[in-house]
Amino acid sequence: MLTKHLTLTEQVARQLASEIADGVHPVGAKLPAGRLLAEQYGVSAAVIREATERLRAQGLIQSRQGSGSTVVSRTGAQGFQVSSGIAVNREKLASVYELRMELEGGAAALAAVRGSASDLLAMEEALARLQANLEHPEQGVEHDIAFHVAIAAATHNSYYQDLLQYLNLQLRLAVSTARSNSRLQDGLTLAVHQEHVAVFEAIRARDPDRARQAAIGHLRQAASRLQLDLPFSAANHLS
């Protein structure tokens, strides 16, 4: 029975992972309730709990007591995961921002070289929605993340897209905190938006060096607004 039970768990976990990869359960969406999944696959609630735990360990979903499981990545991140408490650990959060500066700076440079007309349109639309919600932090967070994800997509490198989308979703709380903080200072919300615009304009101008510096500069300023003490980084030497 134990072998059969483990086999059922593995089968359900693989099926759910496949559906997540295919977009049946998109990033940001919640998985159906455990009871519904148990009925769908004809297995016990225990099998569903174990299967979703495997998905969580792989970095595909994030679970919270009372709020179900949310998809955070289309592909597993078994070798690289950000702990759920990262947003409240300032030292670790600073290190992740340093990583984002290097990754997103490179992504912006690639987007300036490889981005298509449809990629530019996706960025422009995300910026327009972001501008329309400058005074609404909750909605603004979604559009802020969407803008960064659109840049990653414009690299036409799926690894950039998957990793940066994973990082942005994991740092949702930090992004929300930064945007709420910006509202407390007169004119800062608009200044932050202009940082996004500068990144977009550099990408649209097909200027990879300018795009890289604009993206790194934006994230460095975001870290500063969160009063993070960034480790040594090449980003600190931008003019």
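Glu104 counts as buried because its relative accessibility is 6%; buried means under 20% relative accessible area, exposed over 50% and partly exposed in between, with a 1.4 Å probe and protein chains only. The model is predicted, so local features need pLDDT of at least 70 and side-chain atom pairs count only at pLDDT 80 or more, while totals for chains, interfaces and linings use all residues. Residues are numbered from 1 along each chain as its sequence is written, and side-chain values use heavy atoms, with hydrogens and water left out.

The side chain of Glu104 meets that of Arg100 in a salt bridge of 2.8 Å, N to O. A salt bridge here is a side-chain nitrogen of Lys or Arg within 4 Å of a carboxyl oxygen of Asp or Glu. Both Glu104 and Arg100 lie in helix H4 (residues 90–114), 4 residues apart, about one turn of the helix. Arg100 is also counted as buried, because its relative accessibility is 2%. The charged end of Arg100 sits over the ring of Tyr97, 5.2 Å from the ring centre; for this, NZ of Lys or CZ of Arg must be within 6 Å of the ring centre and within 35 degrees of the ring normal.

## Other salt bridges

A search of the whole structure finds 4 salt bridges. Among them is the one between Arg225 and Glu195, whose closest N and O atoms are 3.0 Å apart. This pair links distant parts of the chain, with Arg225 in helix H10 (residues 208–225) and Glu195 in helix H9 (residues 188–204), 30 residues apart. Arg225 is buried, with a relative accessible area of 13%, and Glu195 counts as buried at 17% relative accessibility.

Another salt bridge joins the side chains of Glu39 and Arg35 (3.7 Å, N to O). Both residues lie in helix H2, 4 residues apart, about one turn of the helix. Glu39 and Arg35 are exposed.

## Overall make-up

The protein chain has 10 helices and 2 strands. These are DSSP runs numbered from the N terminus: helices are H or I with at least four residues, strands E with at least two. Along the sequence the pattern is α-α-α-β-β-α-α-α-α-α-α-α.

Of the 239 residues in the protein chain, 45% are buried. The chain exposes about 12300 Å², of which carbon and sulfur atoms supply 51%; the areas come from the Shrake-Rupley method with a 1.4 Å probe, and for residues only the protein chains shown count as cover. Among contacts (heavy atoms within 4.5 Å) with a separation of 6 or more, 72% are between residues 24 or more positions apart.

His25 is placed in the loop between helix H1 (2–21) and helix H2 (34–41). At 11% relative accessibility, His25 counts as buried. Its side chain makes a polar contact of 2.9 Å with the side chain of Glu19. A polar contact is a pair of N or O atoms within 3.5 Å; within protein, one must be able to donate a hydrogen and the other to accept it, and residues adjacent in sequence count only if both atoms are side-chain atoms. Leaving aside residues up to four places away in sequence, His25 touches several residues, including Leu16, Leu31 and Val71.

Ser69 belongs to strand E2 (residues 68–71) and counts as buried at 13% relative accessibility.
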